[in-house]
Amino acid sequence: MDKIRVRGGRPLFGEATISGAKNSTLPCMAASLMTPEPVLLHNAPRQVRDVATMKLLLEHLGTAASWEENSLRLQADGIDEFEAPYDMVKTMRASVLVLGPLVSRFGKAVISLPGGCAIGARPIDMHLGGLEHLGATITIEHGYVYATAKRLRGTRYRFPSVTVTGTENLILAATLAEGETILENCALEPEIGDVISLLRKMGARITGEDTPTIHIKGTESLHGAEHTIIPDRIETGTFLIGGAITGGKISVKKCNPAHLTGVIKKLTENGCRIVEQAGEIQIEAPTILLPSDVETQPYPHFPTDLQAQYMALMTQAEGISRIHENIFENRFMHVGELLRMRADIRIHDHIAEVHGRTPLSGANVMATDLRASACLVLAGLVAEGDTVVQRVYHIDRGYERIEEKLRQLGADIERIS
Ligand code: EPZ
């Protein structure tokens, strides 16, 4: 299994180019199931493993899929399978995004329940509840969801709590339902707006994006389209934190600063000098990093997907920072590994109290989930000596060649098989 070795102590300087957003590419790929015509996705992060996994799932269902550079061409004109099997779904929870499209266009779907993962139970009750409101019949047997519908009917459905892929699944399903659907208490993440933008190009009639209430007027069919995926805001935040934690100065290109207001606000509070331009963010680390408390909340607040990375940064701040993880019940798996690098972090329920500044010591550490792996690489960039991050298949799920991009910024980092 691949590992990443990082030798700490080098400030990062130079430019990093951001890839397309994984969490927009996945629902946009699922959207291609809604039409027999070709869907072309540009700026898709080809080397992100979750994208490869979703491509395999769509091909399993009968979709023709092919890459041309970073453009992915999908055509679901030969769908002859309606089951997302356990072996595929267990490796990627976002497989559940094929549920809405399959029920909506074909009237049937059999999806393995995703089960939990390292960061939490992550049920899909709101996905299923919403589909039942749209008229689907849902049964669960032997770990599978069986969904059928003659034709989905428009409805009004309020999400009991905010769910990103739940919102996406129901928007996808409602585009071919009969009549109008009103979804309330929707998630506001930019990736949802990106999927809506693609669906509109495919002929869907959707209004209300970037608001908690989305209106969808169902149509008889959708047609093919071309779309360029938005930049990955979590990768952007990860690199900004890389510049800050190493005491460097970097420019992050092909990003969208407007998608990181909560993060930029925090890093500014920590004393970083940040300049935003069109498609670019420059960050310069302060000599003394200031501590600050953070609460992870749904967009546009500080994202849970940057919580682990930010915790690594706060080990270098002069003072105590309290990090509240409000989205997932078990997203502190990286703390144990940071403690092995001599960090001083104390957990009280869903709050991690980070005492800094603590000089970190390089060590062998274990990645447990995607963003925890990024946290450990960032910690390795500032630790004394070598850090070897094991199980880096986790990091490859969400980042394209992260070690190459960091090396271009001056990091002493390599992948070792
Ligand atoms: C999306 O996951 C992202 N994944 C996650 O990114 C991200 O951490 C998460 O949103 C929160 O922002 C993709 O977009 C592919 P949720 P999702 O439904 O949609 C609970 C990464 O690192 N919940 O918004 O699965 C759930 O357990 C990944 O790129 C229910 O209880 O998250 C969680 O506590 C990790 N029932 C909370 O809601 C449901 O039916 C938010 O989950 C659905 C969710």
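## Helix assignment and Val377

Helices here are DSSP runs of H or I with at least four residues, numbered from the N terminus. In this predicted model, Val377 lies in helix α12, which covers residues 370-382.

Val377 is buried, its relative accessible area being 1%. Leaving aside residues up to four places away in sequence, the side of the chain that Val377 touches consists of Val6, Val389, Ile395, Leu406 and Ile413.

## Overall fold and dimensions

The protein chain contains 14 helices and 24 strands. Its C-alpha trace spans about 60 × 45 × 40 Å along the principal axes. The radius of gyration is 21 Å, which agrees with the value near 22 Å that a compact globule of 417 residues would have.

Contacts can be sorted by the sequence separation of the partners. Among contacts in the protein chain with a separation of 6 or more, 72% are between residues 24 or more positions apart.

## Burial, surface and charge

Of the 417 residues in the protein chain, 59% are buried.

The protein chain carries 43 positive and 51 negative charges. The mean position of the positive charges and that of the negative charges are 1 Å apart.

## Cysteines

A disulfide is a covalent bond between the sulfur atoms of two cysteines. A search of the whole structure for such bonds returns zero. For Cys28, the closest cysteine sulfur belongs to Cys186 and is 16 Å away, which is too far for a bond. The cut-off applied to a pair of cysteine sulfur atoms is 2.5 Å. Seen from the other end, Cys186 is in no disulfide either, and its nearest cysteine sulfur is that of Cys28, at 16 Å.

Both residues can also be placed by accessibility. Cys28 is buried, with a relative accessible area of 0%. Cys186 counts as buried because its relative accessibility is 3%, and the threshold for burial is under 20%.

Notes: Residues numbered from 1 in each chain as written. Predicted model: local features only at pLDDT ≥ 70, side-chain atom pairs only at ≥ 80, totals over all residues. Heavy atoms only, no water. Helix = DSSP H or I, 4+ residues; strand = E, 2+ residues; numbered from the N terminus. Rg over C-alpha atoms; globule rule 2.2 N^0.38 Å. Buried < 20%, exposed > 50% of the residue type's maximum accessible area, 1.4 Å probe, protein only. Contact = heavy atoms within 4.5 Å. Lys, Arg positive; Asp, Glu negative; His and termini not counted. Charge placed at Lys NZ, Arg CZ, Asp CG, Glu CD.
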